[in-house]
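Here's a quick briefing to read alongside the model. Have the sequence open next to it.

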Number of protein chains: 2
Amino acid sequence: MATEARPTNIGIVAADCYFPKQYVSQTALESFDLGPTGKGKYTIGLGQEAMAFCSDREDIYSMSMTAVQQLLERYNIDPKQIGRLEVGTETVIDKSKSVKTVLMSLFEKSGNYNIEGIDSINACYGGTAALFNSMNWVESSNWDGRYALVVCGDIAVYAPGAARPTGGAGVVAMLIGPNAPLVIEPGVRGTHMEHAWDFYKPNLESEYPVVDGKLSINLYLKAIDSCYKTYKQAFERRNPGKTFTLDQADYVLMHSPFTKMVNKAYARVLYNDFLANGAQGKFAKVDPSLAKLTPEESYSSKDVATVFADISKPEYPAKVEPSLTLPKQLGNSYTASLYTSLLSLVANKKDELLNKRLLMFSYGSGLAATMFSIKVQSSVENIARVINLPDRLASRTAVEPQKFTDVLLHRQQNHSATSYKPSGLTTELFPGTYYLSQIDDLKRRHYERVPLSQ
Amino acid sequence: MATEARPTNIGIVAADCYFPKQYVSQTALESFDLGPTGKGKYTIGLGQEAMAFCSDREDIYSMSMTAVQQLLERYNIDPKQIGRLEVGTETVIDKSKSVKTVLMSLFEKSGNYNIEGIDSINACYGGTAALFNSMNWVESSNWDGRYALVVCGDIAVYAPGAARPTGGAGVVAMLIGPNAPLVIEPGVRGTHMEHAWDFYKPNLESEYPVVDGKLSINLYLKAIDSCYKTYKQAFERRNPGKTFTLDQADYVLMHSPFTKMVNKAYARVLYNDFLANGAQGKFAKVDPSLAKLTPEESYSSKDVATVFADISKPEYPAKVEPSLTLPKQLGNSYTASLYTSLLSLVANKKDELLNKRLLMFSYGSGLAATMFSIKVQSSVENIARVINLPDRLASRTAVEPQKFTDVLLHRQQNHSATSYKPSGLTTELFPGTYYLSQIDDLKRRHYERVPLSQ
């Protein structure tokens with residue numbers, strides 16, 4: 001077989017995120033929704049601190065425009081340096097026209113129309129698919145030396161009820177190229193895809209999904225089992241003589257529908273390590289009969305959950321917590337969730353991350369899941385400086401639960417409107433935010449931008 | 001920069017298509033819709049012969065399942081040999097769950113869940129995006145030696161009126177790997193993407209798009225100009241000393257919303273050749289002032305249209321017509337359209353194609369477009385034998401325009417139904433066709449299959 005050369009050390013060269021200025025506190029929301037009996041339900045039960053949300057001024061087009069334009073500006077990237085741009089989202093507001101094509105409006109002035117890539121869709125997995133596609137492009141014979149730009153993000157809203165506090169909003173934009181500080185380890189991946197109805201959106205005029213919560217949690221755990229096994233095999237094939245256990249991962253980042261799920265998921269990986277080698281020191285006190293459960297039994301076993309949650313306690317604060325800032329503060333941003341974890345970790349740890357391995361788990365209902373890993377090869381200080389998380393989070397505005405509830409009702413009532421003028425105040429947006437100015441009589445959407453300095 | 005080896009000669013190793021058994025004749029439809037004054041409107045004006053359509057028994061999930069299962073069976077492919085499976089479509093019936101995950105149900109028995117790839121969305125371009133993504137995967141460090149499977153297809157239906165005869169239906173499945181008979185020429189591509197509202201689907205509960213026909217035709221021509229220029233540059237960079245003109249392409253295949261558009265498009269490429277070098281023999285009699293029009297003037301210039309249509313006449317029957325069998329017989333299958341052209345050409349020309357170059361143009365409104373080329377490196381007789389087009393087209397059933405109209409109305413009325421039992425007769429489906437048996441109270445869709453031999 002003839003061969004050609006391909007570049008290496010491909011990964012995330014730069015990144016930025018966008019989240020709305022407004023949020024509701026989960027402490028306030030649990031009290032508002034449930035009264036005194038609600039205390040701790042959202043904050044401890046779900047592990048959430050706040051939830052970002054949008055008025056009718058924002059949609060997936062505007063939020064993605066904001067994220068892309070900010071990344072180009074903050075890293076001083078010439079739009080002509082972009083050779084591929086693709087989007088992962090499940091916030092579908094048109095069945096045909098991709099978010100990507102709307103983003104092309106930001107490149108018009110540069111005259112750069114030669115930009116490959118469109119939208120990737122499957123629940124919360126679209127960002128990971130877009131990332132892999134962009135990396136493969138850089139490795140391909142069709143790469144022309146320019147950067148790829150991956151955009152992932154969503155507006156996650158649920159009908160009033162138990163699932164509503166698991167909403168959120170956010171977009172992450174990532175510049176992909178060779179010689180990256182955050183290198184995606186090549187050839188080390190475990191994927192599990194399966195036909196399932198755990199979470200889906202068959203009511204096309206509604207922003208709200210149909211969810212079978214228990215099934216979704218079980219499938220998330222099943223996907224971890226399967227992906228971890230395949231990831232481990234691939235790792236051991238690429239690193240002869242080494243055995244992969246969680247000890248080989250310095251940090252563990254996982255898709256976060258709510259951060260309590262990440263707790264469960266981390267414990268599940270430990271359970272997999274136990275099944276592979278129960279003689280490992282940290283499993284000394286585990287009842288060996290837990291290895292004899294069927295997978296189905298183990299998903300609902302209280303013993304498995306408690307025992308491995310306990311074993312995770314000494315490791316979790318160091319290996320997982322530093323990546324949970326944005327997932328806790330924004331809520332579930334669906335396709336962006338895993339990448340808001342990555343940005344949180346970079347913001348919190350900066351160059352302590354040098355030479356560290358980050359184990360990543362991406363899950364999208366339906367279902368599509370992959371485990372992969374990132375090796376930090378060079379300084380991420382510049383990324384941490386640009387994303388500037390502490391200041392940006394501190395400059396947000398807390399909104400009362402009643403106003404939050406009103407805003408969501410207004411979104412719901414106007415979601416499919418024609419000839420629509422949004423009423424949300426543009427003063428409630430960060431400087432530099434693109435916003436919906438009008439939906440015209442042909443349902444074409446029009447945008448303006450809040451000035452960068454006000 | 002460190003490098004690793006990658007495989008070459010990547011392209012289409014095997015392919016199959018699925019189209020519904022029922023069709024309406026365009027001769028009958030133009031007479032039914034418009035009376036005697038309609039004569040030739042659809043057949044000559046649009047260049048269409050027949051239109052495939054589905055009852056409520058079929059949707060994008062069922063049609064894609066049929067195409068994938070048939071490809072695996074007819075080429076005797078073990079489901080474990082598939083390492084990637086992805087779908088391009090704009091027939092969105094769920095905003096979150098991908099068609100890809102439904103296709104995973106076909107792989108359950110094999111135990112193969114380790115299959116990357118999800119859905120790519122942008123109008124008629126999704127199939128091309130999926131094809132490029134799969135090829136890049138084969139070239140990447142994450143390739144594990146298995147095949148990729150690309151599925152593209154749509155059900156194209158329009159509201160009653162002038163656009164309705166431009167509907168259609170079909171799915172193409174393509175097996176991607178190295179050492180392929182149909183090699184996608186590496187590094188030779190021209191892409192044009194731009195924000196436009198020429199055709200889109202903002203009415204999410206409806207199967208019907210919003211279309212600005214004139215704008216869409218002009219943008220298609222603009223995209224050809226831009227893609228042809230970039231393709232030509234890339235070709236000439238890769239082939240020093242050679243100049244690319246249409247004479248370097250043995251066959252020209254283009255996205256066909258209706259085949260008359262392909263006529264216009266071919267003439268447009270000739271106009272580009274004229275602008276690049278008016279001294280070429282075939283342009284001897286062209287008025288040089290036609291080179292001085294602005295692009296906008298040229299799109300609507302009757303002179304440009306007529307003169308280059310005339311010049312195309314001696315070339316068109318040999319270079320284009322052999323690829324139009326399925327586009328004329330099925331109508332617009334959106335993401336599958338360009339690939340139904342490819343299968344038509346393979347069926348009609350078989351190994352006359354050896355060592356020939358096929359120039360391909362993919363267009364999706366919104367807009368995303370790419371020109372690329374295929375070199376036929378080895379025998380395609382097996383593909384021609386498997387797809388067996390003449391027999392399959394001959395075994396279809398013609399349906400009267402009134403019944404066709406009734407079926408489309410029934411689809412329209414039940415498109416968003418919950419707890420729904422389709423009423424379309426399963427005897428009207430080809431053997432081996434998957435069909436919708438039920439939509440349950442949670443809008444989950446359930447399928448069965450017509451036996452292969454009846």
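Let's start with one residue: Asp16(B) sits in strand 2 (residues 11-18) of chain B, where helices (H or I, at least four residues) and strands (E, at least two) are DSSP runs numbered from the N terminus. This is a predicted model, so local features need pLDDT of at least 70, side-chain atom pairs count only at pLDDT 80 or more, and totals for chains, interfaces and linings use all residues. Residues are numbered from 1 along each chain as its sequence is written, while chains are lettered from A and ligands numbered from 1 in the order in which they are written.

**Around Asp16(B)**

- Asp16(B) counts as buried because it has 24 C-beta neighbours inside 10 Å. The cut-offs: a residue is buried if 20 or more other C-beta atoms lie within 10 Å of its own, exposed if 12 or fewer, and partly exposed in between, with C-beta atoms placed from the backbone.
- Leaving out residues up to four places away in sequence, Asp16(B) touches Ala67(B), Gln70(B), Leu71(B), Arg74(B), Ala173(B), Val386(B) and Ile387(B). Contact here requires the C-beta atoms of two residues, placed from the backbone, to lie within 7 Å.
- Asp16(B) and Leu175(B) are 159 residues apart in sequence, yet 8.9 Å apart in space, C-alpha to C-alpha.

- Over in chain A, Leu71(A) is part of helix 3 (residues 60-74).
- Leu71(A) is buried, because 23 other C-beta atoms lie within 10 Å.
- Not counting residues up to four places away in sequence, Leu71(A) touches Ala14(A), Asp16(A), Ala173(A) and Leu175(A).
- Leu71(A) and Leu215(A) are 144 residues apart in sequence and 37 Å apart in space, going C-alpha to C-alpha.
- Which residues have the most contacts inside the largest nonpolar core? They are Val172(A) and Val172(B), in a core of 290 residues. A nonpolar core is a set of buried Ala, Val, Leu, Ile, Met, Phe, Trp, Tyr and Cys residues joined through C-beta atoms within 7 Å.
- Beyond residues up to four places away in sequence, Val172(B) has contacts that include Ala15(B), Cys17(B), Ala67(B), Tyr339(B) and Leu343(B).

**Helix packing in chain B**

- Helix 6 (residues 213-238) and helix 7 (residues 259-276) of chain B pack at an angle of about 40°, their axes 10 Å apart. Axes are lines fitted to C-alpha atoms, for helices over the stretch in contact, and angles run from 0 to 180 degrees between N-to-C directions.
- That angle makes helix 6 of chain B oblique to helix 7 of chain B. Angles under 35 degrees count as roughly parallel, over 145 as roughly antiparallel, 65 to 115 as roughly perpendicular and the rest as oblique.
- On the helix 6 side of chain B, the residues that meet helix 7 of chain B include Ile217(B), Tyr220(B) and Leu221(B). Their partners in helix 7 of chain B include Met261(B), Ala265(B) and Arg268(B).
- By class, this contact of helix 6 with helix 7 of chain B has eight nonpolar, one polar and two charged residues. For these classes, Ala, Val, Leu, Ile, Met, Phe, Trp, Tyr, Cys and Pro count as nonpolar, Asp, Glu, Lys and Arg as charged, and the others, Gly among them, as polar.
- The axes of helix 7 and helix 9 (residues 302-312) of chain B come within 8 Å and cross at roughly 90°. So helix 7 of chain B is roughly perpendicular to helix 9 of chain B.

**Where the chains meet**

- The contact takes 68 residues from chain A and 68 residues from chain B.
- On the side of chain A that touches chain B, the residues divide into 28 nonpolar, 24 polar and 16 charged.

- Most residues other than glycine have a negative phi, and most peptide bonds are trans.
- The Gly366(A) to Leu367(A) peptide bond is cis, with omega near 5°. Leu367(A) lies in the loop between strand 13 (357-364) and strand 14 (368-376) of chain A.
- Gly366(B) and Leu367(B) are also joined by a cis peptide bond, with omega about 5°.
- Asn179(A) isn't a glycine, but has a positive phi of about 55°. Asn179(A) is partly exposed, with 15 other C-beta atoms within 10 Å.
- Ser419(A) has a positive phi near 50°, and counts as exposed with 10 C-beta neighbours inside 10 Å.
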